[in-house]
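Subject: Structure for you to look at

Hello,

Here is the structure I said I would pass on. Please open it first and then read the notes below it.

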Amino acid sequence: MEGDTFRLGNGGQVDGKVVQTFQKSFVQVQNILDQNRLLINEINQNHESKIPDNLGRNVGLIRELNNNIRRAVDIYADLSSSVSKSADHIGSSEGDSNGGHKRNRPA
């Protein structure tokens with residue numbers, strides 16, 4: 001898949017490496033979201049129990065939840081950067097193949 005170029009329905013192209021990056025990133029984020037769901041359930045149970053030790057444990061669980069959210073945001077930021085770089089690369093390679101000018105799409 002790496003090195004391959006995939007054509008989109010709208011005539012655009014996507015590098016195989018970008019597709020792999022998308023898949024990897026979305027799996028990572030989904031794993032984080034699954035973990036967050038478990039954390040939120042535990043936080044809610046602890047809150048409803050009103051047991052002091054459980055409420056104290058929530059402090060650490062909420063920190064972990066915040067860190068997970070930060071990790072997911074970082075993954076999406078990296079993904080955005082990767083897509084942007086790939087789009088720039090594809091655009092410049094199209095320009096190179098046409099004498100240094102980008103193709104104009106028909107209206």
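This is a predicted model: local features need pLDDT of at least 70, side-chain atom pairs count only at pLDDT 80 or more; totals for chains, interfaces and linings use all residues.

The chain has two helices and two strands, and from the N terminus on they run β-β-α-α. Of its 107 residues, 21% count as buried. The chain exposes about 7,900 Å², and carbon and sulfur atoms supply 52% of that area. Among contacts between residues at least 6 apart in sequence, 42% join residues at least 24 apart.

Back to helix α1. Its buried residues are G16, V18, S25, V29, I32, N36, L39, I43 and N46. The C-alpha atom of Q28 is 9.4 Å from that of R71, although the two residues are 43 apart along the chain.

Next, the charged pairs. Side chains of opposite charge can pair when their charged atoms come close. The count of salt bridges is two.

- R37 and D34 form a salt bridge, with 3.2 Å from N to O. Both residues are in helix α1, and they are three residues apart, so about one helical turn separates them. R37 is partly exposed at 48% relative accessible area, and D34 is partly exposed at 29%.
- E42 and R57 form a salt bridge, with 2.7 Å from N to O. This pair links distant parts of the chain, since E42 is in helix α1 and R57 is in helix α2, 15 residues apart. E42 is partly exposed at 24% relative accessibility, and R57 is partly exposed at 44%.

Last, a point about the backbone. Which residue just after α1 takes a positive phi? The residue is K50, with a phi of about 55°. Most residues other than glycine have a negative phi, and K50 is not a glycine. K50 is found in the loop between α1 and α2, the latter covering 52–97. With a relative accessible area of 61%, K50 is exposed.

Regards

Definitions and conventions: Residues are numbered from 1 along each chain as its sequence is written. Side-chain values use heavy atoms; hydrogens and water are left out. Buried means under 20% relative accessible area, exposed over 50%, partly exposed in between (1.4 Å probe, protein chains only). Helices (H or I, at least four residues) and strands (E, at least two) are DSSP runs, numbered from the N terminus. Contact means heavy atoms within 4.5 Å. Accessible areas come from the Shrake-Rupley method with a 1.4 Å probe; for residues, only the protein chains shown count as cover. A salt bridge is a side-chain nitrogen of Lys or Arg within 4 Å of a carboxyl oxygen of Asp or Glu.
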